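Welcome! Please take a look at the sequence and the structure below, and then we will walk through them together.

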Amino acid sequence: MNSKKISRQTIIIVSIIFIFNVVAQFLINWVQGYQPKTYQIPTNDWTRLLNYIGDYWVNYAITGLVYLFLWFAYVGLCLGAFLWLWENITWSQFCSGLLKGRVHLYAALLLILTIPLNQFGFKFPLSYYLTIPKTFLDSLNSQWALAIGVVVYVLYFLLVVKMRFLIHQTVISHDRVGLSFKNSWRRSQFNLKFYRDLLLVVIILVISLFGSIYAQHLLDSYTSVAIRHVGANVLIVVMTGIFYVITAKFVNLLADYAQPNH
């Protein structure tokens, strides 16, 4: 694949992810603005609770519909990106894949996988809003707990990567449920270049984050207040762009190695 085509694909993926994130942020902020306060829910009395639900069921129904729409939009974005990068996208395949539970399952696995990476600036759709609970982070205050947490995440990372052919086997090969999992597992043989490229994406992500922090630290230490403010704004814009590009590269890389004829 030539560099011009890769650059064009990256720009398109960055643009789509950016638009999706902006729309998702607007819809989530909008729908949450109409939700009643959680502390107002009368959980100590069944009659009051039923009256409360009767008063606000429309608010919660609209909220549920908005989140359902965002979920299907996210799954459609993942599915469409894979089919498009495989140069095998048709309307019938897209609609068929969007209704397959296995496609939703893999999209959910990807979403969970990218939650820790978003803490470093990753811009993967929707996982930006799913932060790691502070109580869980507090439980990793010892070296042993942190090491176990890292090992569990690495194993989960390898599992998701190992099942990367699931969408292809489901939508393109039209395998049945059990056979799609079996063939996906069988096809994903160890590929050193793939894992090396994935690791490189993560390393660049972390280096970019700490590079921006160090650059701001230098500005804060040796420049005036006005330059600090300008530098902070410039760094935010630049790093946001870099994080979007890294996210697009991750999607492109995963899709590229998730087809049998790679």
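## Terms and basis

A nonpolar core is a set of buried Ala, Val, Leu, Ile, Met, Phe, Trp, Tyr and Cys residues joined through side-chain atoms within 4.5 Å. Buried means under 20% relative accessible area, exposed over 50%, and partly exposed in between, with a 1.4 Å probe and protein chains only.

This is a predicted model, in which local features need pLDDT of at least 70 and side-chain atom pairs count only at pLDDT 80 or more, while totals for chains, interfaces and linings use all residues. Residues are numbered from 1 along each chain as its sequence is written, and side-chain values use heavy atoms, leaving out hydrogens and water.

## The overall fold

The chain has ten helices and zero strands; helices (H or I, at least four residues) and strands (E, at least two) are DSSP runs, numbered from the N terminus. Of the 262 residues in the chain, 39% are buried.

Contact here means heavy atoms within 4.5 Å. Among contacts between residues at least 6 apart in sequence, 70% join residues at least 24 apart.

## The core

The largest nonpolar core holds 60 residues, and those with the most contacts inside it are Y74, L79, W86, Y106, L110, F194 and F250. At least two residues of this core come from each of several helices, including α1 (3–32), α2 (46–85), α9 (192–222) and α10 (225–256). In soluble globular proteins, nonpolar side chains tend to be buried together.

Let us visit one of these residues. Which residues does Y106 touch, leaving aside its neighbours within four places in sequence? They are V160, M163, R164, L166, I167 and L254.

## Aromatic rings

The whole structure contains eight aromatic pairs. Rings of Phe, Tyr and Trp (its six-membered ring) pair if their centres lie within 6.5 Å; planes under 30 degrees apart count as stacked, over 60 as edge-to-face and the rest as tilted. W71 and Y74 make a tilted pair, 5.3 Å centre to centre with 50° between the planes. Both lie in helix α2, three residues apart, about one turn of the helix. W71 counts as partly exposed because its relative accessibility is 23%, whereas Y74 is buried at 0%.

Y74 also pairs edge-to-face with F124, at 6.0 Å centre to centre and 75° between the planes. Y74 lies in helix α2 and F124 in the loop between α4 and α5 (134–138), so this pair ties together parts that are 50 residues apart in sequence. F124 is buried too, with a relative accessible area of 3%.
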